[in-house]
Protein chains: 2
Amino acid sequence: MAITLYELAGADPALRFSPYCWRTRLALAHKGLAFEAVPWRFTENAAIAFSGQAKVPVLVDGETVVSDSWAIAQHLERAYPDRPSLFGGASGMAHARFINAWADSALHPGIARCVVRDILDVLRPQDQAYFRHSREKAFGMPLEAVVADRATTVEAWRMVLAPLRLILRHQDWIGGEAPDYTDYIVLGSLQWPRCVSRFTLLEADDPVAAWQRRGLALFDGLAGRAPTA
Amino acid sequence: MAITLYELAGADPALRFSPYCWRTRLALAHKGLAFEAVPWRFTENAAIAFSGQAKVPVLVDGETVVSDSWAIAQHLERAYPDRPSLFGGASGMAHARFINAWADSALHPGIARCVVRDILDVLRPQDQAYFRHSREKAFGMPLEAVVADRATTVEAWRMVLAPLRLILRHQDWIGGEAPDYTDYIVLGSLQWPRCVSRFTLLEADDPVAAWQRRGLALFDGLAGRAPTA
């Protein structure tokens, strides 16, 4: 059955930068599933109204419509049990949900405070007003003020990566000997700043950067070859 | 075969407060393994010299000696495969290592800065000098200064629990439908302040507190019935 993925895009439709859409894109590649990726922009609510909500990723898999990257990963694991597993069983999935929540709650705020202003520059003019207004309302300040001290923000953010750094002393992937959805969660989080900004989040000699390089090479360089700003 | 666990104890030998020893204690209960618990104090290096290192937990399982709570959990899983699994497979174990590293690196520093001074009061006089000296050297200040602002410390610490709070909306245990080693990791972390201090780390209406109450009731109240300061 045909699979369609609605993905957040920039003014350049090839620029895909949502951490959640990247999680789904990498999960589809892990499952070896072909899909059509449809670019979607912040203000195109009508295009995904059929999903009953207003955010991407939205996956259309035959008759099934699923939104939310975590729900999509669960759907793919359930619908394609004979393909390589994303979670390695029920315990692996339960623990992965923690890592998903950690990335969202511990990694994303710091990333946003480093690159949110850069996102503005990759959007279509008609999306920029929406983006600035909604994000400035959330942060309670101009985007320029949010990122003004990002040299300090990024130092604190790097410390939050401590658990990842610790496990990489013992295993190549968060999934263990081979990458799984937990790797795609964090790779997705890092794809977001990587695609919209030239600001350096990871120092080159960070073990997390070495792990990221391995991840960028997966699936014939799917994430590594992606267009960046 | 007889199993012996060397556990950190206070002046009261029944007071066991090491987060790492609690992880092991709960793992042994999960596996349904009987064991003899031997109290050990900070300055009793000679008593565990046979393990080739100077920290507890140390597990003696027949001819096998294992130190470090993570290594002990791996040993138990490997040595007792027919008992209930601690990890639910290779992926579950790989992901659990991340949660272990998260607890150690993200939870423990804040807990220490709330209760390290209280620990002093539960130790034997001959251990107090060692404890104060080594910890004040690590913190670079008197223990009283470390905890002076713990009302603020604990507020930041509670925010670090965000990923746990998020997953508890969807599952009762970090392990999913039933508790596993990942639950014992975090329960162990929380058993440490719980046993040495009356300082309140979790607000009563925190979903994490509800999860902790479920954990304290496991194994006939093994952690819940434990002596506290």
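Let's start with a pairing: strand 3 of chain B, residues 58-61, is joined to strand 4 of chain B by 4 bridges, and the two run antiparallel. Two strands count as paired if DSSP finds at least two bridges between them. Helices (H or I, at least four residues) and strands (E, at least two) are DSSP runs, numbered from the N terminus. Within this pair, B:Leu59 stands opposite B:Val66 in strand 4 of chain B.

Some ground rules. This is a predicted model, in which local features need pLDDT of at least 70, side-chain atom pairs count only at pLDDT 80 or more, and totals for chains, interfaces and linings use all residues. Residues are numbered from 1 along each chain as its sequence is written, chains are lettered from A and ligands numbered from 1 in the order in which they are written, and side-chain values use heavy atoms, with hydrogens and water left out.

Now the whole sheet. In chain B, 4 strands make an open sheet in the order 2-1-3-4, with mixed pairing. Which strands are at the edges? Strand 2 (36-40) and strand 4 (64-67) of chain B, each pairing on one side only. From one strand to the next, the twist averages 20°. As a reminder, strands of a sheet pair through backbone hydrogen bonds, either parallel or antiparallel.

Next, the helices on that sheet. Helix 1 of chain B, residues 19-30, lies across strand 1 (3-8), strand 2 and strand 3 of chain B. Helix 1 of chain B runs at about 150° to strand 1 of chain B. Helix 2 of chain B, residues 69-79, also packs on the sheet, where it touches strand 3 and strand 4 of chain B. Its direction makes about 140° with that of strand 4 of chain B. Axes here are lines fitted to C-alpha atoms, for helices over the stretch in contact, and angles run from 0 to 180 degrees between N-to-C directions. Contact means heavy atoms within 4.5 Å.

Stay with helix 1 of chain B. Its 12 residues reach 16 Å from first C-alpha to last, close to the 16 Å expected at 1.5 Å a residue. The expected span is 1.5 Å times one less than the number of residues. Is this helix enclosed or open? Helix 1 of chain B is largely enclosed by the rest of the structure, because 10 of its 12 residues are buried. Buried means under 20% relative accessible area, exposed over 50%, and partly exposed in between (1.4 Å probe, protein chains only). Among the buried residues are B:Trp22, B:Arg23, B:Arg25 and B:His30.

On to the two chains together. Helix 3 of chain A and helix 3 of chain B, residues 90-122 in each, pack at an angle of about 35°, with axes 8 Å apart.

Look at B:His95, in helix 3 of chain B. B:His95 counts as buried because its relative accessibility is 0%. Beyond its neighbours within four places in sequence, B:His95 is in contact with residues including A:Phe87, A:His95, A:Asp180 and A:Thr182.

One helix in chain A. Helix 8 of chain A, residues 181-196, should span 22 Å with its 16 residues at 1.5 Å a residue; its end C-alpha atoms are 23 Å apart, which agrees. Of those 16 residues, 15 are buried.

Last, the backbone. Most residues other than glycine have a negative phi, and most peptide bonds are trans. A cis bond joins A:Val56 and A:Pro57, with omega about 5°. In chain B, a cis bond joins B:Val56 and B:Pro57, again with omega about 5°. A:Pro57 lies in the loop between strand 2 (36-40) and strand 3 (58-61) of chain A. Then A:Asp68: not a glycine, yet phi is positive, about 85°. A:Asp68 counts as partly exposed, at 45% relative accessibility.
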